[in-house]
Amino acid sequence: MSGGSETSGMPAEITVGEALNLALHDALAADPNVFLLGEDIGDEQGGGILGVTRGLSTTFGKARVRATPISEQAIIGAGIGAALAGFRPVAEIMLMNFVTVAMDMLVNHAAKLRFMSGGQTGVPLVVRTMTGSGFGNGGQHSDYLEAWFAHVPGMKVVSYSNPADAYGLLLASIRDDDPTLFIENLGSYALKGPAPQRGVPTPLGKAAIVRPGDDVTIISYSTMVLRALAAADSLARQNISCEVIDLRTIAPYDLPTLVASVGRTRRAVIVHEAVRKFGVGAEIAADLAGRFHGELKAPIVRLGGNYSAVPFSKPLESAYAPGPKQIEEAVLAMIAEHSDGL
Amino acid sequence: MQNALRKIDGCVLSSILESALRIRCNDELIRESARSGRLNIIYYSPRGQEIIPSAISELLTDDDYICTIYRGIHDQIAKGVPPKLIWAEYAGRLTGSCKGKGGPMHITYPEKGVMVTTGIVGSSLPIANGLALASQLRGDGRVTVAYFGDGASNIGAFHESLNMASVWKLPVIFVCQNNRYAEHSRFDEFTAGESVARRGDAYGMHAVAVDGNDAEATWHTARAAIDRARSGDGPTLIEANTFRFEGHLLGDDSAYIPRQEMEAAKAADPVPRLRADVIGRGILTEAQVVELERKIRREAEEAREFALTSDWPSLDELSCDVLANSSEVVQ
Ligand SMILES: Cc1ncc(C[n+]2csc(CCOP(=O)(O)OP(=O)(O)O)c2C)c(N)n1
């Protein structure tokens, strides 16, 4: 990467929005095979609806930072075709709910072409998309749909909870040879944190222990990691020590790190914003239960979005996804369940 | 125009014939093998449509890309995929083009530019755009052909793809093989407007209808489109009118096709017509063509033998090629 020498000019803290912009910038600068495409991503259109791609078409040109018509199938199809021909396209699907329109391209083609071709072709495509409830966007603009993609063999699914990871994971996704769905949180762009080291990717498939602890393992990803951390803070004041793990890569997820943690704490809570039913938490819970049958101090708990569309009305929307309070309560209930306490 | 049409070189015409004969022969042997139970597949015969890809591929190099569909063996053979690799793939063997993991609906062979064969109606077009975009970005002069059926022109992906290709002037050629039926649905009952080609007008695209059973006309049409694409003048939509003789899939008795329509189409079978034309013009003698047919038949029988005696893939292949690094596959 060319970015290493640029570290000097970087502030100690940056936002997620800046981190993502920087990752795209550095990827474009380092590899001529990287190009971006998506609706309104060019500077003439404002550099993306939330400014994530701002400045890039001016720096790298409209051929490499390519604004598209509103054509989700054609966007992903163009990404797939270019990837088959050796490019590393980064396609933006403005909001995660709009991937529904391009499911054929992602599920039937991007994810499967490597296998179906017997390894002759591969699709190193990144699809960046964003989502999240809490912004009054209602039922068609707020869903987390990661389980759909984690369920298709051949796709990687990635998310972040801080600016440094946003940078490093996006860089890693672009360099990865598999199709990757990169999920951004609508509420995260202004989130500040320590700046990443320029040009250094964060390995895919490796979870991060964002807070070490001994009594309970809280497994999460995306924005929910912040809520888990808030719950862990509150629990620490009650002398309960939580280990908080950010999966970072949802598929394939880092089972060894989870096993090592739960092997110590003997308690696991899984938290995600996507609807709990049939969600990623069910898969993780089943994997852990299979490994720790009879050894856990309490049944594994899953917390997730309510079984409904994301509601508009503020009190309903606030109750839709698990918050720090629900996570805290779940942990307390778990500990109470075991007669010996901690 | 008539004169221009006649200017096609004899070598080109005999080469188109050879490709068409190879397609017809392999298709016949596959149907025979499937009927007799030697090959266990669902098969979408392209019988009747041989001329279209044979004429077009004559103008393409190995570096040019195609994306095709489940009814695609004619496109693949015409583009140069060795029939024995197709046969072995059909038989699910390790020696198949995709190690038996793709099957009849998913032939890939990048060595000859066959990048995607899709079982999803309409999906060859958006991906072809991406291949063409890659060529445009690199300036490598390659063209991409997307083959699809008339039914696919009613899918959203068709419209998105035409619009995007036209806006970006991509070096792509959309070839609709209009065989008049989408499964059991008649073209004129289910497709609004008078033709698929006219739909190109709405996207500001060069669009042309051609008799896809006429080798010379198809070759000339393709040549103009390929020249346009290679010189940076953007995409072309070609509606190549044709007919399919064997129903939607093997075992379909075509009961939904009026008898006279089928009989008329078969009477105008484009392969013997081209054969007679090549001989009639003195490009090849009857004896030379017969010898060619014998050679093609031998080659097809050898391909079948190769396929049916090849090894099955080992069970390790189940978790191989899922992700780029198979050790990452989590069970
Ligand atoms: C998206 C989608 N819808 C439906 C089908 C089922 N199907 C397979 S072939 C076919 C007919 C397509 O007809 P056409 O596009 O004219 O191509 P042809 O088979 O005539 O070559 C249909 C409906 C499918 N494979 N994909």
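In this predicted model, the buried residues of helix 7 of chain B are Ala157(B), Phe158(B), Glu160(B), Ser161(B), Leu162(B), Met164(B), Ala165(B), Ser166(B) and Trp168(B). The helix is made up of 13 residues, and its first and last C-alpha atoms lie 18 Å apart, close to the 18 Å expected at 1.5 Å a residue. Just past the end of helix 7 of chain B comes Lys169(B), whose phi is positive at about 50°.

The contact draws 42 residues from chain A and 40 residues from chain B. The size of an interface is often given as the accessible area lost when the parts come together. For chain B and chain A, that buried area comes to about 3300 Å², with carbon and sulfur atoms giving 67% of it. Twelve residue pairs, both members at pLDDT 80 or more, are in polar contact across the interface of chain B and chain A. Three elements of chain B, namely strand 2 (114–118), helix 6 (124–138) and helix 7 (156–168), each supply at least two residues of the side that touches chain A. Of the elements of chain B, helix 6 gives the most to that side, with nine residues. Sorted by class, the side of chain B that touches chain A holds seven charged, eleven polar and 22 nonpolar residues.

Salt bridges do turn up elsewhere. Side chains of opposite charge can pair when their charged atoms come close. A search of the whole structure, over all chains, returns 40 salt bridges. One of them joins Arg266(A) to Glu295(A), with the closest N and O atoms 2.6 Å apart. This pair links distant parts of the chain, 29 residues apart: Arg266(A) sits in the loop between helix 9 (255–265) and strand 13 (268–275) of chain A, while Glu295(A) sits in the loop between helix 10 (280–291) and strand 14 (301–305) of chain A. Both partners are partly exposed, Arg266(A) with a relative accessible area of 23% and Glu295(A) with one of 40%.

Two further pairs are found in chain B. Asp27(B) and Arg31(B) form a salt bridge through their side chains, at 2.7 Å from N to O. Both residues belong to helix 2 (residues 10–35) of chain B and stand four residues apart, about one turn of the helix. An α-helix has 3.6 residues a turn, so residues three or four places apart point the same way. Asp27(B) counts as buried because its relative accessibility is 1%, and Arg31(B) is likewise buried, at a relative accessible area of 8%. The second pair brings together the side chains of Lys99(B) and Glu317(B), which meet in a salt bridge at 3.2 Å, N to O. Here the partners are 218 residues apart and link distant parts of the chain, with Lys99(B) in the loop between helix 5 (83–90) and strand 2 of chain B and Glu317(B) in the segment after helix 13 (286–309) of chain B. Lys99(B) counts as buried at 19% relative accessibility, and Glu317(B) is buried with a relative accessible area of 13%. In chain A, salt bridges that share partners tie Arg114(A), Lys156(A), Asp176(A) and Asp178(A) into one network.

Two residues of chain A can be looked at individually. Thr217(A) is found in strand 10 (residues 216–220) of chain A and is buried, with a relative accessible area of 0%. Its side chain makes a polar contact with the side chain of Thr265(A) at 2.7 Å. Not counting residues up to four places away in sequence, Thr217(A) touches several others, including Glu243(A), Ile245(A), Ser261(A), Val262(A) and Arg267(A).

Arg227(A), by contrast, counts as partly exposed at 26% relative accessibility; this residue lies in helix 8 (residues 224–236) of chain A. With neighbours within four places in sequence left aside, Arg227(A) is in contact with Ala321(A), Pro322(A), Gly323(A), Pro324(A) and Ile327(A). The side chain of Arg227(A) reaches the backbone oxygen of Pro322(A) at 3.0 Å. Arg227(A) and Ala27(A), 200 residues apart in sequence, are 31 Å apart in space, C-alpha to C-alpha.

Note on methods. Residues are numbered from 1 along each chain as its sequence is written. Chains are lettered from A and ligands numbered from 1 in the order in which they are written. This is a predicted model: local features need pLDDT of at least 70, side-chain atom pairs count only at pLDDT 80 or more; totals for chains, interfaces and linings use all residues. Side-chain values use heavy atoms; hydrogens and water are left out. Contact means heavy atoms within 4.5 Å. Buried area is the accessible area (1.4 Å probe) that two parts lose on being put together, summed over both. A polar contact is a pair of N or O atoms within 3.5 Å; within protein, one must be able to donate a hydrogen and the other to accept it, and residues adjacent in sequence count only if both atoms are side-chain atoms. Ala, Val, Leu, Ile, Met, Phe, Trp, Tyr, Cys and Pro count as nonpolar, Asp, Glu, Lys and Arg as charged, and the others, Gly among them, as polar. The expected span of a helix is 1.5 Å times one less than its number of residues. Buried means under 20% relative accessible area, exposed over 50%, partly exposed in between (1.4 Å probe, protein chains only). A salt bridge is a side-chain nitrogen of Lys or Arg within 4 Å of a carboxyl oxygen of Asp or Glu.
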